[in-house]
Amino acid sequence: MSEKKKRPLTVYLDEDLFRALAFLSEKEGYPSILDYVVKLIKERVEGAEKGGLEDSVKARVARIVQDELNKQLQVIESLRRQVAELYERVDYLTSVVEEIKSRAAEVSEQRRERRKTGIERLREEKVVFESGLPKKLNRDAFFNYLRREGAVVIETSKERIAVDPDFWEDFKTKLFEKAATSDEDELRKALGDKGFMLFTKLRDDNQVIYDPVTKKWKNLVNVTG
């Protein structure tokens with residue numbers, strides 16, 4: 001292997017420094033001051049290079065670690081946003097499901113109501129006035145149907161009235177047997193709202209008439225059947 005090229009270096013030292021170097025070189029066993037000075041220079045240069053290299057490696061490792069940390073933090077932040085969005089979607093879907101359930105229940109109830117027959121509705125409502133029926137309904141067919149099913153159908157000068165048979169018997173007992181007054185407030189209390197409404201329709205059509213002598217209501221109701 002060829003010897004590295006060497007270059008001369010001339011250094012001028014004062015007397016005290018020269019003597020000090022001579023003492024140290026002799027003490028450490030160097031054959032000459034020059035060899036000792038070269039040794040000191042090598043140690044200094046090599047130490048500086050080593051320290052600089054370590055610093056460079058440390059800086060590079062720090063950058064790598066920081067870069068990886070930043071990547072992981074970005075992943076964590078992305079996951080946090082996704083989790084937050086997921087919670088929002090779950091809340092939204094929950095509200096949608098509840099709304100669907102509510103609407104389904106309403107539709108089911110409406111369908112159940114639509115499935116009720118006319119006589120079933122009469123049993124619930126007790127009294128049905130022709131004036132309150134839908135315009136498109138075939139009234140003759142409707143009242144004929146109710147009559148066949150056992151409903152009481154009353155003919156007045158203005159309209160027909162269908163009454164649940166049980167309600168009609170109770171109404172007759174309260175009005176024609178128990179009531180002994182023509183006072184409307186007392187009659188409303190005795191007959192109830194629906195019974196009083198039926199009473200006013202019949203009274204206005206002169207199908208129930210009050211006898212002040214006997215203090216009784218006379219039954220002139222025109223029940224068809």
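**Aromatic rings**

Analyst: Phe196, Phe199, Tyr210 and Trp217 form one aromatic cluster. Rings of Phe, Tyr and Trp (its six-membered ring) pair if their centres lie within 6.5 Å; planes under 30 degrees apart count as stacked, over 60 as edge-to-face and the rest as tilted. The model is predicted: local features need pLDDT of at least 70 and side-chain atom pairs count only at pLDDT 80 or more, while totals for chains, interfaces and linings use all residues. Residues are numbered from 1 along each chain as its sequence is written, and side-chain values use heavy atoms, with hydrogens and water left out.

Searching the whole structure gives six aromatic pairs. In one of them, the ring centres of Phe142 and Phe143 are 5.5 Å apart with planes at 75 degrees, so this pair is edge-to-face. Both Phe142 and Phe143 are buried (under 20% relative accessible area, with exposed over 50% and partly exposed in between; 1.4 Å probe, protein chains only).

Phe199 and Trp217 are also edge-to-face, because their ring centres lie 4.9 Å apart and their planes stand at 90 degrees. This pair links distant parts of the chain, 18 residues apart: Phe199 is in helix α6 (residues 184-204) and Trp217 in strand β5 (residues 216-219). Helices (H or I, at least four residues) and strands (E, at least two) are DSSP runs, numbered from the N terminus. Phe199 is buried at a relative accessible area of 0%, and Trp217 is buried at 7%.

A charge also meets a ring: the charged end of Lys201 sits over the ring of Phe129, 5.4 Å from its centre. The criterion is NZ of Lys or CZ of Arg within 6 Å of the ring centre and within 35 degrees of the ring normal.
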